[in-house]
Amino acid sequence: MSADLEILSRMTDALTACTQGNLPQSEMIRLWRNHAASLPLPEKYGEVLNNLLDRIEASALFNEESCSFSQKDLLDSLQIWTDKAQAKLSAP
């Protein structure tokens, strides 16, 4: 496995742990921001990721799911981001 895919795998593991309640959201976001910066992805990936992470941080301000900040939907979107990033990093 390439170093970039290994970093992405650690990010995915953190997302899974966060989704299962085993890792605080703030810790997952910190890890994602740090690791994503080192991945050789097009700039648009960073823009989309930062937008998602900002929205997840904002959603933490609400005790319940709100119509505009569904934490589950945002975390699902992070999984989609990782799938696309993995495909991009794996492409020749």
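On a 1 Å grid over the protein atoms alone, a pocket is an open set of points where a 1.4 Å probe fits, with protein on both sides within 12 Å along at least five of seven lines. Its volume is the space filled by probe spheres set on the points, which are joined across faces, edges and corners. The model here is predicted, so local features need pLDDT of at least 70 and side-chain atom pairs count only at pLDDT 80 or more, while totals for chains, interfaces and linings use all residues. Residues are numbered from 1 along each chain as its sequence is written, and side-chain values use heavy atoms, leaving out hydrogens and water.

**The largest pocket**
- The largest pocket holds about 170 Å³ of space.
- Its lining (residues with an atom within 4 Å of a point) has 14 residues, and A36, A37, Y45, G46 and L49 are the closest to the centre.
- The most comes from α3, with six residues.

**M28 in α2**
- M28 sits in helix α2, which spans residues 25-36.
- With a relative accessibility of 0%, M28 is buried (under 20% relative accessible area, 1.4 Å probe, protein chains only).
- Leaving aside residues up to four places away in sequence, M28 touches A14, L15, C18, L23, L75 and L78 (heavy atoms within 4.5 Å).

**R55 in α3**
- R55 belongs to helix α3, residues 43-59.
- R55 is partly exposed at 35% relative accessible area (between the 20% limit for buried and the 50% limit for exposed).

Notes
Helix = DSSP H or I, 4+ residues; strand = E, 2+ residues; numbered from the N terminus.
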